[in-house]
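Please report on the model shown here, with its chain interface and a few individual residues. Keep it brisk.

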Amino acid sequence: MNYMSEAGKHHSYDNAQNQDYVLYEKNNNTSYIILADGVSSGKYSADGARIACDITKEFLKATGETIFDRNSYEIAGSLLSDINVALKCEAEKRKADIDEYASTIAFAVIDYNRNEIYYFSLGDSLIIVSGNESFTVLSMPSDSREGCCVTTTLNGYMHSNSGVISTDDINSVVICSDGAWHLMYNRNKIDPAVREVLIKQDYNSLFKLLTDKERVDDCSIISMDLVGSSFKS
Amino acid sequence: MVNERLTVKMKDKRENMLASMLTGEDFEMKLEQLKEAAPSAKPSIRAELMRMFACLKIPCDSMREDEYFEELVDTTVLPSFDDIETKILETLFANFDDYPTPEQSMLRIVDRVCDKSDNWQDGTLRLRILKQFIKYGNYLTYTADVYDNDGNIVLKKNGKPKQSKVCIYNGQKYIVEYAEGKKGADANSNDDVINNIDDDIFAVLETATKAQKQPEGKYGLLRLCDDLACGRFKAGGSIKRDLYLFAIVYNMSFYCENGNMEQILDYETDIQKNLFEDYYSNNLMRYLTNAYSGNITAYEIDPSGQGINYKNFAEMVYVYYLSKDMKRSMKIKNAEEMIKRLSSLTNKNTLNVSRNMATRYFTSKMTQEVFDLSEDDFERYIAENYDCSLELEDYVDSKGEQKQRAKSSMQTQSSSYTAFRLYNKLIRDMEHFDLSVKRENCNYGLWFADVSGLKKGMNGEFFENARRKDPEKLDKFVKLLFAINSYLGNVFIEQENKQTVNEEHREVSSRPVSTMNIQSPQFMTRTALITAYYYYYNAKIENENRYKSLVDVYNDYTNPMSGLNAYLEMAHYQPVNDKNIFDIAVIFSSYAASHI
């Protein structure tokens, strides 16, 4: 399990609080990694990202293995429904609008018995898998030119992206917030230096490459090694 | 460059529009469907109910039993309204201003893809585009070797290749003179020119002759920038070339779907998404601008909506260079020269792309491996696999003589055979539902507004209220309704004649609308395919006589297996686009038609 999460320079409220949140859990049968990126204009989106991750963790525990076999819209609809109930409760305490808590949400579940990975993304996070000296984009960031689809978007589940893949030839799964992948990519192509460290799963070097760059947005990456770990956060 | 992109929440525009049309009856009918559905079908109906409740901002969990939904419907105060047509007019009227005009689309694109460090954001859009062509495209000019008629390089006395200046667009001389006039001294560089031009440079277009505004004319480049900024699409295929040149100077990206596992689709800079879907489309909001005033025959009235044409060799060359890592002016030069060489091959591959070799065949061939080839190998690949011949067209010269000339390379293989086949299939299927319905009768246009009646006067509750609140906005809205209706139907104008009313109606009702009368793949457009589907769908639901909510109609249209989206995808057109007012209006109109 490896992660980095650094605050960006600019937020609507200029308090430099990191509005990304990452969560992970690993046990003998399954592991999961979760990442949420709070909306920059959301006053409480850091809390919203944390709540989204916590609810997702509970949802994954409750759903268990069945997540691999259920209808994707059902999963998405139910998860977002749970998240919105929690966000609404929190918003009412502060007498705030629920949109102040909005965030993206992305996760990957690895089931070691089934040898499968379930991935899910709502918003502009990037999910990739690497192995055999290559990497593959599993879930691309959504179209955010008119704004991003987030946890509080009406019928947001219809805009989510999810799927199941085999763990064959895969050594690690990585989720990147948009602040991270914007630094990793130049337009639509991966930076050659970033590519080199990604296929080697050398996350120390990846972390250094990204923190050396000037960034406005929060920058978070979380990865799960299926085979071993070579990174210290 | 500092990355300024931050996460912003998307507006719920589409869902809010759908929500505004929901009624209690919609929920009741959906519950009936849930009760009668087979167990395997229930989850999707529950999901639809969840979506409908969510539109009204009522929390709902789709993974619950039927009784949960029954109780939710019973205990929730649900909306109702009497007049669907009025409701649709009110909804569209409240939202149509949010749809971008072509100019607004272009402004958004330029804001996204420009290099912020150039600091040109304060200039007018056409001026910004002009500066971009100057700095990164060298005025769309380059120097190239000269070849003789046998294809051999012409050498100078010193043995070096003779070179000449190639102007894709003329206009550099006038622009430099203008800048020097402003500066009061010679301009020593392109940056010098850029720093000394302003929007007044375009004033000359108002009095320029037609010849001066042609690409080879004195103000060709100025005209190009003005057209791009205003969203004017020149007829004859040249607009696509202009867009590729634009994409290159703005360093836009191309996402190859085949065999590329590492790239992402960068929506901010992608050429297909931004230029060929959002910008170069049949955006009817242009009717609310002055862009198409004057000589509209010079412009495309209905852009094909085709996007990147993988059957066209020239477009593949542009896409290839777009993806290359080299100086932008070099990309332009190398692309233009490669296209010229391919066009003039003497032993051309005479592959005649038959109707069975659909665009899909070429889309599958153009893999990332092909785009990674060296320039020489790529050129060879295109020569071996593509029809690089230029189609001929008849024209009348200045002496009145009938002659033939080669069309632009962008017009090679531009016919949409698959789309035409699907279009005709839809019309045949429609006529099958109801033997009395023929394509000639399919001209009633918008169902929720009597556009013919609007010519006589705008009566009715909606128009009276809107006129009272915002007459200027109403005028724009009515203009838009006419524009939308012009693609869907005919307008019946009462005029004095000796015919009876029935005879007049029979005549109008048998005059096909142009989009329902496409006779050749060459004239096929996305708008025509949507219009055919519109009439097909309306005939189908009348035949089925089933209740449909607006959400149901929207889902039918966007169903990727059986709806309009399925046809659009097969025809290689973009799917139903929430940002296109025509697409949305057509769906609303089908909804109104389903409630007669």
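Lys95(A) is exposed, with a relative accessible area of 79%. The classes are buried (under 20% relative accessible area), exposed (over 50%) and partly exposed (in between), with a 1.4 Å probe and protein chains only. Lys95(A) sits in the loop between H2 and strand E4 (105–111) of chain A. Its phi is positive, about 55°, although Lys95(A) is not a glycine. Helices (H or I, at least four residues) and strands (E, at least two) are DSSP runs, numbered from the N terminus.

The model is predicted: local features need pLDDT of at least 70, side-chain atom pairs count only at pLDDT 80 or more, and totals for chains, interfaces and linings use all residues. Residues are numbered from 1 along each chain as its sequence is written, chains are lettered from A and ligands numbered from 1 in the order in which they are written, and side-chain values use heavy atoms, with hydrogens and water left out.

His572(B) also has a positive phi, about 65°, and is not a glycine. The loop between helix H25 (564–570) and H26 of chain B holds His572(B). His572(B) is partly exposed at 26% relative accessible area.

| Residue | Relative accessible area | Class |
|---|---|---|
| Lys95(A) | 79% | exposed |
| His572(B) | 26% | partly exposed |
| Thr527(B) | 4% | buried |
| Ser223(A) | 1% | buried |

Ser223(A) belongs to strand E12 (residues 219–225) of chain A. Its side chain makes a polar contact of 2.7 Å with that of Asn2(A). A polar contact is a pair of N or O atoms within 3.5 Å; within protein, one must be able to donate a hydrogen and the other to accept it, and residues adjacent in sequence count only if both atoms are side-chain atoms. Beyond four places in sequence, the residues that Ser223(A) touches include Met1(A), Ile33(A) and Tyr203(A). Contact means heavy atoms within 4.5 Å.

Thr527(B) lies in helix H23 (residues 526–544) of chain B. The side chains of Thr527(B) and Asp302(B) are in polar contact at 2.8 Å. Other contacts of Thr527(B), leaving aside neighbours within four places in sequence, include Asn282(B), Tyr487(B) and Phe582(B). Ser304(B) is 223 residues away from Thr527(B) in sequence, yet their C-alpha atoms are 7.7 Å apart.

**The interface**

How many residues of each chain are in contact with the other? Chain A contributes 48 and chain B 47. The two chains bury about 4400 Å² between them, 55% of it on carbon and sulfur atoms. Buried area is the accessible area (1.4 Å probe) that two parts lose on being put together, summed over both. On the chain A side, Arg145(A), Leu154(A) and Arg187(A) lose the most area to chain B, together 20% of what that side buries.

The rule finds three salt bridges across the interface. A salt bridge is a side-chain nitrogen of Lys or Arg within 4 Å of a carboxyl oxygen of Asp or Glu. Arg145(A) and Asp278(B) form a salt bridge through their side chains, at 2.9 Å, N to O.

**Confidence**

The pLDDT is the predictor's confidence in each residue, from 0 to 100. Chain A has a mean pLDDT of 88, and 94% of its residues reach 70 or more. Over residues 228–233 of chain A the pLDDT falls below 50. This stretch has eleven contacts in the model beyond near neighbours in sequence.
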